Amino acid sequence: MSDDFDLLETNSNEKTEKVDVNWGKAIDQMKSKLAQEDDPESRQKILNATLDNVVDMAEKDRTTLLDAIKDLTDYQDEVGIMFEGFSALNVEEQKIIDDAVKRLERARVQLEDANNKPDTLWNNLWGRKSKIKNAEQELQNAQKERDAADNKAKAKFQLRIENADVQTLLNELSFKSQAAIKRLKDRELEIKEVEESLKTAIVEASNNHTKALQKKKEVEDKLEEKYALLKQSRQALEEVSDKQSTEYSDALSKVTTLEQAVEELEGLKNAYTTLAASKDSFVHKHNLTIKVLTSLRSNLQTHRAKLKSDTDERLKYYDGYVIALKARTDQEFAAILEHLGVKTDEHIGETLAAMHTASAKARQEMMDNIPVHEKVMQGVYGSYAEALSEIRAKDSEIQKNFADRYGIDMKEIFEEYYKADANAPSGDSKPSEKPKPEANEDDLLG
């Protein structure tokens, strides 16, 4: 079973893309910002923390993350990293780049198709040249759009994260860490490729150094021969007494030829000496470069391994932080609900108490109004009795008047009248044999 914990494993078979990096002052700027410490009272903040304080601290965390991501995004531009390869773009932002890429590809195909049309009179009549011209213009426009697509996507990305929550910013930071891990691994592979090429260069330089030394030795051997011949030729030239003779001219020509040969061999000797020294120098230079690159690759492996391991742990750490923020919000929400519940209980209690008080007061008012009603009824009853008394007194006078004037006792007539049925027909009809019982004036419920 393979060891999955091999953080230093580097697979050279993976396809990599090289990125040209222009370092500038980006690293110094980022290190300076990371080194800033503007919170010397952090301990006191922890000791005096409340839920409201935590909100401010969490907002500061969000601002710090936002600034870091902005710095990283700007850093990408300074070191020449393609924006879309190092930022978590959403669908809308990625679409800007994808559309620009598709348009550029279409423009290239259209131009290729237009150029592939045979340059014939018939095709030219059907607009071959104008199609080529339009296709070339479209390719230029598509290339401009593609060049600007990254900036458009970046602008939308920056606008989106400006008001992003902590979780979104943490996810973005994690994405950048993952992208950085891949970039470090790609750089390791690139260094390893250069190391291999330098090893080959060392072998070639060493072989050339050996060959140069061999050639130098061959030239030196030839020089010894030529020096000996030249010495003899010069001596023979001096022995010629007649300077105007053909013998002297031949001897001088021989000396000149040997001197030229010696000069050429001296030049070759110097060239092979220089070449041997140069190759020997490059053997040492390549060897030193390999040592430096190996050290850098080792450091990159260390950073990558730590970053990869720490990022995996950091994701869990971030999850804990985000859930803690949510728990704080839930806790505050629960406190608000509890507060609202208490206030609602108070309000309902007040309402119920008010209902009870109002009911008691209504009962008291009802009880207080009973004597008033009784007094009113007493007046009604009194008036009723007074009216009856007056009516009876009047009846008594009428009875007495009838008796005095006509000698008729009206008492019985009035009594019969009172007993008569009010609905009985008037005239000579006889009164009912069974008169109604006399009404009881005090029966108020009848």
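Leaving aside neighbours within four places in sequence, Leu169 is in contact (heavy atoms within 4.5 Å) with Arg62, Leu65, Leu66, Ile69, Ile161 and Ala164. That is a handy way into this predicted model, in which local features need pLDDT of at least 70, side-chain atom pairs count only at pLDDT 80 or more, and totals for chains, interfaces and linings use all residues. Residues are numbered from 1 along each chain as its sequence is written, and side-chain values use heavy atoms, with hydrogens and water left out.

**The chain as a whole**

- The protein chain has nine helices and zero strands; here helices (H or I, at least four residues) and strands (E, at least two) are DSSP runs, numbered from the N terminus.
- Read from the N terminus on, its elements go α-α-α-α-α-α-α-α-α.
- Of its 446 residues, 22% count as buried, where buried means under 20% relative accessible area, exposed means over 50%, and partly exposed lies in between (1.4 Å probe, protein chains only).
- If you take the contacts between residues at least 6 apart in sequence, 83% of them join residues at least 24 apart.

**Nonpolar cores**

- A nonpolar core is a set of buried Ala, Val, Leu, Ile, Met, Phe, Trp, Tyr and Cys residues joined through side-chain atoms within 4.5 Å.
- The largest such core holds 18 residues, and Leu65, Ile161, Leu169 and Leu170 have the most contacts inside it.
- Helix H3 (51-78), helix H4 (91-116), H6, H7 and helix H8 (246-406) each give this core at least two residues.
- A second, separate core has eleven residues, including Val219, Leu230, Leu237 and Val262.
- As background, nonpolar side chains tend to be buried together in soluble globular proteins.

**Helix H4**

- At 1.5 Å a residue, the 26 residues of H4 should span 38 Å, and its end C-alpha atoms are 37 Å apart, which agrees; the expected span of a helix is 1.5 Å times one less than its number of residues.
- Its buried residues are Glu93, Ile96, Ile97, Ala100, Leu104, Ala107, Leu111 and Ala114, and the buried residues of H4 pack against H6.
- Gln110 is also found in H4, and this residue counts as partly exposed at 44% relative accessibility.
- Beyond its neighbours within four places in sequence, Gln110 is in contact with Ala135 and Glu138.
- Gln110 and Ala135 are 25 residues apart in sequence, yet 6.2 Å apart in space, C-alpha to C-alpha.

**Helix H6**

- Helix H6 (residues 128-162) has 35 residues that should span 51 Å at 1.5 Å a residue, and its end C-alpha atoms are 50 Å apart, in agreement.
- H6 bends by about 35 degrees at Ala148, the bend being the angle between axes fitted to the seven residues ending there and the seven starting there.
- Among the buried residues of H6 are Ile132, Ala135, Arg146, Asp150, Phe157 and Ile161.

**Helix H7**

- Ser233 lies in helix H7 (residues 166-239) and counts as buried, at 5% relative accessibility.
- Not counting residues up to four places away in sequence, Ser233 touches Lys254, Val255 and Leu258.

**Salt bridges**

- A salt bridge is a side-chain nitrogen of Lys or Arg within 4 Å of a carboxyl oxygen of Asp or Glu, and by this rule there are 14 salt bridges.
- In one of them Lys95 pairs with Asp99, with the closest N and O atoms 2.7 Å apart; being four residues apart in helix H4, Lys95 and Asp99 are separated by about one helical turn.
- Lys95 is partly exposed at 47% relative accessible area, and Asp99 is partly exposed at 29%.
- Arg146 forms a salt bridge with Asp150, the closest N and O atoms being 3.5 Å apart, and both of these residues are buried.
- Arg187 forms a salt bridge with Glu190, with 2.6 Å between the closest N and O atoms; Arg187 and Glu190 both lie in helix H7, three residues apart, about one turn of the helix.
- A network of salt bridges links Arg103, Glu138 and Glu145.
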